Amino acid sequence: MPTRIVPARFLLPRFMLPLLLAAGCWLGNPHCEARQPLAVAADFEGGSVSGVEIDQAERSIRFMPGGDPARGWPCWWYFRVDGVAPGETITLRLRGSTATLPRESAAQTGSPLHKPLAASWAMPQQATWSLDGQTWRRSEPGRREDEWMIYSLRPEGESVFVAWGPPYTPSSAERFVREIARSSPSATATELCRSRGDRPVPMLHVREGSRTAKDRFGVWVQARQHAWESGSSWVAQGFAEWLLSDDADAAWLRQHAELFVIPIMDVDNAATGNGGKDAQPHDHNRDWSGEPHWNETKAAQRMVGQLIDEGRMDVFLDLHNPAPGDPTFFYILPPEYLEPPMVELRDRFMQLAYARISRIKPLIPMSNKPKVTGPGYHPLWRQISANWVSMNGNPHTVSLCLETIWNYQNSTTDGYRAVGGSLAAAVREYLADRPLRTGGEQ
Ligand SMILES: [Zn+2]
């Protein structure tokens, strides 16, 4: 009789096999057959990744940011990892993009991409992740190893979204604007324009009560002229949330001003996961010339121009995220390019905003020293939006760029929204001291 080989599993009580397999998976056994292979997907709005290599045994993913360098700095990354065994530890190994542009085309926009972008732009101290694409958390701090930044995650789900920072897509903007307008009779969900890629550019228009338009302060808030700076859209959202809140100061602002909030200007690059900054022929924030290239700039310039014509371009705010090591700060034009009373009014507004933002808990680090965007900053400095509005605005126009820190533990959706709320409260405090146009009721 031939020897019968008893499969090992028959030597164990049957109920133990799944327990052993589960224990093996839990302990990170690289040979565990019960685990699904990890897979990476970025075929969704705002998705961006390249150079993906997955080590199934190590449960680690090597990758770089995606994005076409002709459409902006390749520092944004956002993708989904599938096949995760809930509770297992996966490792993300990020390195800087190697994408470059030919020297001549890089020189056209002043882009640094004739060589690879410094990796630090793509490397937050902590990665951002979410199980549902709605609630965004920050990972434990990553560790730098040569050219790599290494993050460990232990998601309690089979799929996990991971990103440079909390994503904010054109669909997020459209949904936010629609839903907040539905909850408030003084807000209207509208569109600034359609992009060159034929996407709608959602805009919130706010005014309350019967005061006529010409008797209202004009306030313009726009974010994401640089598509990778997703945090700035959360700041814009926080601005709108405070504005439409029950706060008595917010009601005053709605009643005495007409406000426009655009959470994403460059919807095309935000939708396609491109960086936007230094996009060709030049990016949105170098497009404020006599002949704008981008539809969003054209439309914004026309509407802001109308507010200027009516003498009520009171506060213009352009929202960004800065360099990796920067705190929150304002960018301004050097005072020699401005006439009084603009400098005094602008300084007053910055003081009010600083006082509020620097008091946010948990802390959002802010510098009270603005940086300047004059001729030494960029050859197209006159075509930067806040500069253009300063130089073409009313004598009393306050026009500023706010850069909100992104590489910090509190640079979360809540932290960004708190900055937006503080900024809106500062607009109210500033305008409350300005002469009312009608001399009517306060
Ligand atoms: Zn920017």
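In which sense do strand 5 and strand 9 pair, and over how many bridges? This tour of a predicted model takes up that question after a view of the whole chain.

**The whole chain**

Display the entire protein chain, which has 10 helices and 18 strands. Along the principal axes, its C-alpha atoms fill a box of roughly 110 × 50 × 40 Å. The chain has 442 residues, of which 47% count as buried. Among contacts with a separation of 6 or more, 74% are made by residues 24 or more positions apart.

**The sheet with strands 5 and 9**

Select residues 90–94, which form strand 5, together with residues 148–153, which form strand 9. These two strands pair in the antiparallel sense, over five bridges.

Now extend the selection to the open sheet of five strands, whose order is 2-3-5-9-8 and whose pairing is mixed. At its edges are strand 2 (50–55) and strand 8 (143–145), each of which pairs on one side only. From one strand to the next, the twist averages 25 degrees.

Turn next to the open sheet in which five strands follow the order 1-4-10-6-7, with antiparallel pairing. Its edge strands are strand 1 (39–41) and strand 7 (137–138), and each pairs on one side only. Select strand 4 (residues 78–82) and strand 10 (residues 159–163): they run antiparallel and are joined by five bridges. Asp82 can be found opposite Ser159 of strand 10.

**Helix 3**

Select residues 170–182, the 13 residues of helix 3. From first C-alpha to last, helix 3 reaches 18 Å, close to the 18 Å expected at 1.5 Å a residue. Colour Pro170, Ser172, Ala173, Phe176, Val177 and Ala181, which are buried. These residues lie on the same side of helix 3 because they cover an arc of only 155 degrees around the axis. On the other side of helix 3, Arg178, Glu179 and Arg182 are exposed.

**Ser195**

Between strand 11 and strand 12 is a loop, and Ser195 lies in it. Is Ser195 buried or exposed? Ser195 counts as buried because it has 22 C-beta neighbours inside 10 Å, and the cut-off for a buried residue is 20 or more.

Show also Val201, Val267, Asp268, Asn295 and Glu296; Ser195 is in contact with these residues, leaving aside its neighbours within four places in sequence. Then draw a distance from Ser195 to Trp294: these residues are 99 residues apart in sequence, and their C-alpha atoms are 7.4 Å apart in space.

**Two crossing helices**

Finish with helix 5 (residues 248–256) and helix 10 (residues 413–432). Two packed helices are described by the distance between their axes and the angle between them. Here the axes come within 9 Å and cross at roughly 65 degrees. The crossing in which helix 5 passes helix 10 is left-handed.

To see where the two helices meet, select the following residues:

- in helix 5: Asp249, Ala250, Trp252, Leu253 and His256;
- in helix 10: Ala425, Val427, Arg428, Leu431 and Ala432.

Terms used: Residues are numbered from 1 along each chain as its sequence is written. This is a predicted model: local features need pLDDT of at least 70, side-chain atom pairs count only at pLDDT 80 or more; totals for chains, interfaces and linings use all residues. Two strands pair if DSSP finds at least two bridges between them. Helices (H or I, at least four residues) and strands (E, at least two) are DSSP runs, numbered from the N terminus. Axes are lines fitted to C-alpha atoms, for helices over the stretch in contact, and angles run from 0 to 180 degrees between N-to-C directions. The expected span of a helix is 1.5 Å times one less than its number of residues. A residue is buried if 20 or more other C-beta atoms lie within 10 Å of its own, exposed if 12 or fewer, and partly exposed in between; C-beta atoms are placed from the backbone. The arc is that of the directions from the helix axis to the C-beta atoms. A crossing is left-handed if the near helix is turned anticlockwise from the far one by less than a right angle, and right-handed if clockwise. Two residues are in contact if their C-beta atoms, placed from the backbone, lie within 7 Å.
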